[in-house]
Amino acid sequence: MREIQLPVSDEIVRSLKVGDAVALTGVMVTGRDAVHKWLSETFIKRTRPPQGDDLTVYEALKPLLNGGVIYHCGPVVAGLATKEYRFVAAGPTTSIREEGYQGDVMRHFNLRGVIGKGGMGGKTLKACQEVPGMYLHAIGGAASYIAQTVKRVLGVYKLEFGVPEAIWVIEVKEFPVVVTMDAHGGSLHAEVDQKSKSALQNLLTL
Amino acid sequence: MLDLKEPVLELVRLTSTDLPPDVEMSLRAAVEQEEAGSAARSALETILKNVELSRAQSTPICQDTGTPIFYVYHPEGMSTRKLRQLITEAVVEATRKSYLRPNSVNALTDKNTGNNLGDEHFPVIHFEEVEGDILTIELMLKGGGCENVGAQYSLPNNELGAGRDLAGVRKVVLDAVQKAQGQGCAPGILGVSIGGDRGSGYAASKEVLFRKMDEASSDPSLAAMEQRLTQESNQLGIGPMGFGGKTTVLSTKMVGMHRLPASFFVTVSYMCWAYRRRKMIVQGDQVRYE
Ligand code: SF4
């Protein structure tokens with residue numbers, strides 16, 4: 001398992017290939033459906049004017065996302081009443097729902113990594129080649145185990161989106177992932193999909 | 001009568017944090033199937049570490065604690081209104097204690113209610129009166145990732161060459177598994193109903209998931225098909241998390257229903273490896289859990 005410190009450099013991203021197991025250490029943010037929609041509409045496509053604390057949050061996110069990673073995760077968080085937040089369960093959520101937004105978000109913020117589960121499609125793969133970036137697959141459902149790698153919750157934005165949809169800023173130590181889409185156009189998901197399709201064709205003729 | 005508030009809360013805690021032994025055993029057997037050093041094997045190893053940790057710490061196995069689906073089998077004369085109240089109170093308390101994530105979102109306003117209550121379908125509670133004096137409450141937590149890859153087919157399906165018979169059923173189920181890839185957090189468990197209407201088909205495909213891992217259908221032809229579908233799904237090479245590998249499906253559960261002459265539905269509910277289902281049995285002032 002290769003240990004990687006966040007944020008990551010171009011060289012490190014380019015040196016990683018599909019199938020590599022990686023342990024991440026540093027600061028990352030969570031963001032899923034509501035966050036991607038909000039980022040895209042307010043700051044990238046600009047179909048909606050910034051409201052409330054939108055601009056402040058945007059400025060705070062920029063340095064965190066520059067060279068950093070976003071984690072598709074809707075955690076279970078303890079300490080909501082006292083604001084002494086602690087991640088209790090924090091596995092990945094299905095990433096493909098962000099396919100329409102992810103590539104643009106990566107380019108806009110110079111985001112080098114996306115963590116989630118299930119992989120993403122052609123648009124994100126293209127952005128991985130350009131930025132450069134990579135898709136990092138966490139183990140779906142391994143929520144308690146991953147929560148243990150979250151050492152501290154540094155803050156939270158957009159809590160009005162709901163606990164699972166908010167932007168949590170977290171410090172992690174040896175967060176385990178597998179590179180399944182790399183900066184060279186490789187995608188384990190496309191490969192497994194193709195192979196399983198031809199295996200299915202064979203079974204259908206039986 | 002015994003105050004059931006704490007016992008129902010315990011049912012929710014147990015379901016969310018302690019994977020049933022039959023599922024864990026099946027995952028342990030699966031590890032041995034995968035090659036040393038492969039991403040598939042390390043995924044399963046991480047899953048098992050997570051299962052142990054969740055149990056020891058009493059924290060959710062998965063952060064998506066799903067739709068809570070309750071089946072209540074109650075003796076004659078018990079108030080289902082009071083039972084419903086008891087269950088909803090336990091759900092709210094379990095959310096407060098972080099055994100459940102706030103998971104109930106108004107589909108029109110996008111507002112999360114914050115306490116896992118919603119309309120009359122959230123949480124899902126089914127009631128059935130039974131003979132005798134035993135109250136049984138079963139709970140399943142069905143996560144969203146695997147729910148999203150469930151599928152319903154109307155046979156015949158020409159694209160897949162699937163006719164209105166068991167051979168056709170086999171084809172569409174394999175298609176559903178291929179389409180799901182790793183998205184439902186493979187390795188999964190398949191709940192398959194044959195017949196019914198669109199609504200009852202989905203309900204039945206979930207009910208079969210309350211069976212034990214090694215419990216086969218009582219119909220020999222379905223029991224054989226269950227085995228075959230598990231084996232053939234594993235030939236697709238999707239593997240744990242869709243990383244490629246030998247373990248894609250751990251078990252298949254099938255049930256035959258009645259249908260209209262004009263309809264032939266095959267419904268597949270995909271359950272992720274975090275197969276959380278538990279049972280609470282109350283007799284007199286004794287409560288036990290399975
Ligand atoms: S599919 Fe299951 S294991 Fe995966 S994230 Fe959803 S609930 Fe958790």
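Reader: How many salt bridges does the rule count over all chains?

Author: The count comes to 36 salt bridges over all chains, a salt bridge being a side-chain nitrogen of Lys or Arg within 4 Å of a carboxyl oxygen of Asp or Glu. This is a predicted model, in which local features need pLDDT of at least 70 and side-chain atom pairs count only at pLDDT 80 or more, while totals for chains, interfaces and linings use all residues. Residues are numbered from 1 along each chain as its sequence is written, chains are lettered from A and ligands numbered from 1 in the order in which they are written, and side-chain values use heavy atoms, with hydrogens and water left out.

Reader: What makes A:D54 and A:K158 a salt bridge?

Author: Their side chains come to 2.6 Å, N to O. The limit is 4 Å, so the pair qualifies. A:D54 is in helix α3 (residues 54-65) of chain A and A:K158 is in the loop between β8 (150-157) and β9 of chain A, 104 residues apart. Helices (H or I, at least four residues) and strands (E, at least two) are DSSP runs, numbered from the N terminus.

Reader: Why can such side chains pair?

Author: Side chains of opposite charge can pair when their charged atoms come close.

Reader: What is the count of salt bridges between chain A and chain B?

Author: The count there is 0 salt bridges. Polar contacts are present, with 19 residue pairs (both at pLDDT 80 or more). A polar contact is a pair of N or O atoms within 3.5 Å; within protein, one must be able to donate a hydrogen and the other to accept it, and residues adjacent in sequence count only if both atoms are side-chain atoms.

Reader: How do you know that chain A and chain B are in contact?

Author: Contact means heavy atoms within 4.5 Å, and 40 residues of chain A meet that rule with 38 residues of chain B. The two chains bury about 3300 Å² between them, 62% of it on carbon and sulfur atoms. Buried area is the accessible area (1.4 Å probe) that two parts lose on being put together, summed over both.

Reader: What makes up the domains of chain B?

Author: Domain 1 is 5-15 + 61-143 + 276-289 and domain 2 is 145-271, with bounds from an automatic or database domain assignment. Their C-alpha centres lie 26 Å apart. The contact between them takes 10 residues from domain 1 of chain B and 13 residues from domain 2 of chain B. About 1000 Å² is buried between these domains, 64% of it on carbon and sulfur atoms. On the domain 1 side, B:M140, B:K142 and B:R277 lose the most area, together 56% of what that side buries.

Reader: What makes B:K142 and B:E147 a salt bridge?

Author: The closest N and O atoms of B:K142 and B:E147 are 2.9 Å apart, so the pair falls within the 4 Å limit. Between domain 1 of chain B and domain 2 of chain B the count is 1 salt bridge, and 6 residue pairs are in polar contact (both at pLDDT 80 or more).

Reader: Why is the ligand site called shared between chains?

Author: Residues from chains A and B surround the ligand, so the site is shared. Among the residues around the ligand are A:K117, A:G141, B:C62 and B:C146, where near means a heavy atom within 4 Å.

Reader: How do you know where the ligand lies relative to the domains of chain B?

Author: Both domain 1 and domain 2 of chain B give residues to the shell around the ligand, so the ligand lies between them.
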